[in-house]
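Subject: Model for your files

Hello,

Here is the model we spoke of, with notes on what turned up in it. Please keep the notes with the file.

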Amino acid sequence: MATPQSIIGIFPTPGEIGQFDLVYTEDGDNGIPHIKTQPATSLTEEEQKKYAFNALPFQNVHTHIIISTASGTGLASTFFTQALQPLLAHMGLEETKNYTLHTTASISTVTDLTTTLFLPTAASGTPQRLILLSGDGGLLDILNALLSTPSSPTFKPPTIILLPLGTGNALAHSTLPAGDATHGLSALARGTPHPLPFFVARFSPGARLLTNEARDSEPIPGGALYGAVVCSWGMHACLVGDSDTAAYRAHGAARFGMAAKEALFPADGGPPHAFKGLVSVRREGAGEWEALAPGRSEHMYVLATLVSNLEKTFRISPASSPLEARLRVVHFGPLGGDEVMRVMGLAYDGGKHVQEEAVGYEAVEGLRVEFKGLEEEGRWRRICVDGKIVRVESDGWVEV
Ligand SMILES: Nc1ncnc2c1ncn2[C@@H]1O[C@H](COP(=O)(O)OP(=O)(O)OP(=O)(O)O)[C@@H](O)[C@H]1O
């Protein structure tokens, strides 16, 4: 049976004039839903209006569907065949005529597609819709490739629908209606586009983007990465970086907790690492850079974010509302492993960690971390931008 959270919308019944189906999702294996229908006749007039699907925007604008095969636990293709493809049929959309299907074959597929297809289309002022079956990384790739060249005066940003098929899915979980059981399909059918707020993280010369499970590294084009979710240094960046291996990825979002245990309770029995560096912020309306926490020279957690949730239930910034365009920083200094587990556990309890005395939480316009030779080992100088990891030089810096 359909529930308000599982309703995708009301669509014309194929081949029947004047008849309509209520289309909704039902839970399936691995969290991938099935598409179900029932006659829409049982709904009130008000409900019919609320859930009505408008086909016009889809018929007038070409859609590109991108299946990111390596995102999350590799279920994007299953999601397409089991959920999205049947829904596209209800929407009356046909492959080639209305949409083009793209499947990723490498880490650069999304970037290449953007550079060769989506960016020229956007630059020429042509509207386009991108349905992205991935985590935050797919969107990050599109964002960075779109911003890789100076904007043309005719630039028309694509409408992007991000269906959460990654691990954390921060953007989707921070923007979808609470309790949404449609995996973002209701937003696809009935959502309203909204500009995506983003930040730029600029790095000192010599900073390298780590790739291939940190075995390789490459320079950062223009020394800057754009992000829409998070820029962090300290424990968060280490957890994301350490757990970005094929072996860890198989565990889904549990990979972060597994890496946390290893980082917080080192094998030598000592305390977790205290991260050394100078951290400053530009407070809202202040203009000047000031110390994040005066007198604190060692840090454990320094994280700036534009979103409320980094995972479905990990509410890192409870004051952030969807697509609000306000950067907030969450931070604390060195604590014991058990205390870090307790404090961060509160983030899974609706974001109560920000009420803790040890935790700082405020809206800022900018964040800056300078290393000044204080950290010898490169692993303590890793910065996370929306899941990507950058290693900064020992005398380097990052500025958001
Ligand atoms: N076939 C492929 N081979 C290699 N890399 C791929 C392939 N398909 C996608 N990728 C890369 O895998 C990464 C997946 O990142 P994405 O953010 O989408 O998933 P995630 O990290 O599991 O989720 P989240 O960022 O939400 O936690 C992206 O960098 C993407 O470019």
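Helices (H or I, at least four residues) and strands (E, at least two) are DSSP runs, numbered from the N terminus. A residue is near a molecule or strand if its C-beta atom, placed from the backbone, lies within 6 Å of it. This is a predicted model: local features need pLDDT of at least 70, side-chain atom pairs count only at pLDDT 80 or more, and totals for chains, interfaces and linings use all residues. Residue numbers start from 1 along each chain as its sequence is written.

**Ligand shell**

Helix H5 (residues 136–146) gives the most to the shell around the ligand, namely four residues. There are 21 residues around the ligand, and Ala 70, Gly 135, Gly 137, Gly 166 and Gly 168 come nearest. By type, the shell holds four nonpolar, 15 polar and two charged residues. Here Ala, Val, Leu, Ile, Met, Phe, Trp, Tyr, Cys and Pro count as nonpolar, Asp, Glu, Lys and Arg as charged, and the others, Gly among them, as polar.

**Chain overall**

The chain has eleven helices and 22 strands. Its radius of gyration is 22 Å, close to the 21 Å that the globule rule gives for 400 residues, so the chain is as compact as a globular protein of that length. The radius is taken over C-alpha atoms, and the rule is 2.2 Å times the number of residues to the power 0.38. Along the principal axes, the C-alpha atoms fill a box of roughly 70 × 45 × 45 Å.

Of the 400 residues, 41% count as buried. Buried means that 20 or more other C-beta atoms lie within 10 Å of the residue's own, exposed means 12 or fewer, and partly exposed is in between, with C-beta atoms placed from the backbone. Of the contacts with a separation of 6 or more, 71% are between residues 24 or more positions apart. A contact is a pair of residues whose C-beta atoms, placed from the backbone, lie within 7 Å.

Strands count as paired if DSSP finds at least two bridges between them. Three strands form an open antiparallel sheet in the order S1-S2-S3. Strand S1 (7–12) and strand S3 (34–39) are at the edges with a single partner strand each, so one side of each is left without a neighbour in the sheet. On average, neighbouring strands of this sheet are turned by 30° against each other, direction ignored. S1 pairs with strand S2 (residues 20–26) over five bridges in the antiparallel sense, and Ile 7 has Tyr 24 in S2 as its bridge partner. H3 packs on this sheet, touching S1, S2 and S3, and its direction makes about 35° with that of S3. Axes are lines fitted to C-alpha atoms, for helices over the stretch in contact, and angles run from 0 to 180 degrees between N-to-C directions.

Four strands make an open sheet with parallel pairing, in the order S5-S4-S6-S7. Its edge strands, S5 (99–103) and S7 (159–164), each pair on one side only. Strand S4 (residues 63–67) is joined to S5 by five bridges, and Ile 66 is partnered by His 102 in S5. Helix H3 (residues 76–90) also lies across S4, S5 and strand S6 (129–134), at about 140° to S6.

**Helix H8**

Eight of the eight residues of helix H8 (residues 235–242) are buried, so the helix is largely enclosed by the rest of the structure. Its cover includes strand S12 (230–234), helix H10 (254–264), strand S17 (301–305), strand S20 (382–385) and strand S21 (388–391).

**Strand S8**

S8 runs antiparallel to strand S11 (residues 224–227), joined by four bridges, with Leu 225 as the partner of Ala 201. S8 also pairs with strand S22 (residues 397–399) in the antiparallel sense over two bridges, and there Arg 202 stands opposite Glu 399.

**Positive phi**

Thr 96, not a glycine, has a positive phi of about 75°. Thr 96 lies in the loop between H3 and S5 and is exposed, with 8 other C-beta atoms within 10 Å. Leu 323 has a positive phi near 55°. Leu 323 lies in the loop between S17 and strand S18 (327–332) and counts as partly exposed, with 15 C-beta neighbours inside 10 Å.

Regards

Technical notes:
Contact = placed C-beta atoms within 7 Å.
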